[in-house]
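Hi there,

Here is the structure I promised to pass on to you. Have a look at it first, and then read my notes below.

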Amino acid sequence: MAASSRAQVLDLYRAMLRESKHFSAYNYRTYAVRRIRDAFRENKNVEDPVEIQTLVNKAKRDLEIIRRQVLIGQLYSTDKLVIEKQEEPRT
Amino acid sequence: MLLRVVWRRVTAALTAAPRSKSGAPIRGLRLRVVDHAPQSAIPSDTVPAPEAEPVLRPLYMDVQATTPLDPRVLDAMLPYLVNYYGNPHSRTHAYGWESEAAMEHARQQVASLIGADPREIIFTSGATESNNIAIKGVARFYKSRKKHLITTQTEHKCVLDSCRSLEAEGFQVTYLPVQKSGIINLKELEAAIQPDTSLVSVMTVNNEIGVKQPIAEIGRICSSRKVYFHTDAAQAVGKIPLDVNDMKIDLMSISGHKIYGPKAERLTQKIMKSLPDVVMNGDPEHHYPGCINLSFAYVEGESLLMALKDVALSSGSACTSASLEPSYVLRAIGTDEDLAHSSIRFGIGRFTTEEEVDYTVEKCIQHVKRLREMSPLWEMVQDGIDLKSIKWTQH
């Protein structure tokens with residue numbers, strides 16, 4: 001398998017962020033977005049292709065976790081927190 | 001009908017953003033079946049009510065009581081609650097083997113977290129059980145030769161209760177006082193150790209005021225005097241670096257639901273800058289930042305808690321929250337009675353956002369000001385009267 005290109009890593013980053021925004025729980029949603037940004041930023045200067053591949057594989061597994069947990073969260077979703085923006089009321 | 005609804009929802013969720021056709025937020029299975037006012041996912045059999053204003057949930061700022069379950073943890077656990085349900089002690093089939101493998105993997109993870117060997121990890125029902133086992137276990141094992149234990153006045157209730165029950169069995173317990181900072185005096189500890197002391201128990205991070213005890217130094221003292229050292233690390237593991245061998249810890253209690261970085265300075269600074277007469281309880285230096293205990297003078301703690309109904313907070317610890325007495329921890333650090341009644345504990349954890357902190361700060365300042373306006377004591381203080389000089393008459 002060819003080593004992960006910059007484009008693939010960026011695709012993964014965007015996919016993880018996109019998926020994380022679907023968490024219905026405010027705290028999980030904000031944590032996931034924050035953590036993904038921090039983790040990718042932290043590792044942006046890694047050169048070793050083996051290390052990069054390990055990180056990419058871990059990220060792919062984490063993306064699967066996010067997908068599953070987003071779904072479970074939606075199945076059991078509840079009311080929003082006081083600080084979340086409310087949707088426009090239907091007239 | 002229900003199954004079709006679930007299937008449609010599942011496929012929709014997998015492909016698109018979670019938005020039902022009408023635009024209302026999705027509330028889970030139940031709302032599709034019974035059309036009534038949005039509530040939590042707990043089923044209820046009340047008569048369907050008209051679509052009312054959604055009840056908004058408070059922010060969670062009480063992580064010392066318990067923490068939100070990390071989705072990664074739930075994801076790791078679910079397979080063992082769904083398909084891999086074998087008993088880890090079943091040695092004869094794959095169900096048992098796969099459960100055992102998972103348990104041993106977990107044991108290794110806990111061991112690496114604290115620098116211990118996996119064989120030294122014992123799973124219990126929680127820190128309360130672990131504390132009981134450690135303290136009563138060591139004490140009773142050596143009771144033929146050693147009859148003395150040392151602990152502190154600020155320990156968790158389960159530690160204090162274990163010591164009290166041992167006293168009823170004939171043991172002698174020294175409850176070390178703490179200084180105003182909340183930290184014990186190491187010289188007093190050394191002086192308290194007797195030839196027949198079997199155990200010293202000091203918690204790593206206090207659950208009410210967040211103070212960190214000098215664990216490494218205590219470990220060194222105990223090891224040199226050949227006394228077992230137990231620490232309740234329920235509030236510390238996973239948050240501050242701990243190594244049981246470096247710190248010479250013989251027994252450590254860990255809590256699964258409290259394991260789990262903070263915007264604490266922001267909260268403390270903003271509040272103390274905007275309000276006068278606010279006291280932080282506990283040493284500001286040797287302090288775990290995620291647990292902030294503040295006393296707001298001339299404001300009653302319970303009324304402030306009630307006013308801050310949109311934020312989940314506590315005054316004192318969860319296990320003592322039912323009683324009306326002020327916290328024994330605050331009493332131990334020498335807090336005035338009235339300030340002890342005015343204390344609130346803010347808990348900040350991994351999932352807390354800056355936005356939540358800002359909201360909490362804003363509401364806290366607003367309500368403290370409002371309650372102080374209503375307080376005759378505050379009025380007197382503003383007029384320059386020294387409250388301690390007042391002779392309260394009795395009728």
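Let's start with a cysteine: B:Cys163 is buried, at a relative accessible area of 2% (buried means under 20%, exposed over 50% and partly exposed in between, with a 1.4 Å probe and protein chains only). Before going on, please note that this is a predicted model, in which local features need pLDDT of at least 70 and side-chain atom pairs count only at pLDDT 80 or more, while totals for chains, interfaces and linings use all residues. Residues are numbered from 1 along each chain as its sequence is written, chains are lettered from A and ligands numbered from 1 in the order in which they are written, and side-chain values use heavy atoms, leaving out hydrogens and water.

Back to the cysteines. A disulfide is a covalent bond between the sulfur atoms of two cysteines; here it is counted when the two sulfur atoms are within 2.5 Å.

Chain B has an open sheet of three strands in the order β7-β8-β10, with antiparallel pairing. (Helices, H or I of at least four residues, and strands, E of at least two, are DSSP runs numbered from the N terminus; two strands pair if DSSP finds at least two bridges between them.) β7 (278-280) and β10 (343-347) of chain B are at the edges with a single partner strand each, so one side of each has no neighbour in the sheet. Three bridges connect β7(B) with β8 (residues 291-296) of chain B, and B:Val278 sits opposite B:Phe296 in β8(B).

Now for the nonpolar cores, which are sets of buried Ala, Val, Leu, Ile, Met, Phe, Trp, Tyr and Cys residues joined through side-chain atoms within 4.5 Å. The largest has 42 residues, and those with the most contacts inside it include B:Ile114, B:Leu189 and B:Phe229. Apart from it lies another core of 30 residues, among them B:Ile271 and B:Leu294.

Finally, two loop residues. Most residues other than glycine have a negative phi. B:Lys226, in the loop between α8 and β5 (228-232) of chain B, has a positive phi near 60 degrees and is exposed, at 69%. B:Tyr298 has a positive phi near 70 degrees and is partly exposed, at 25%.

Enjoy exploring!
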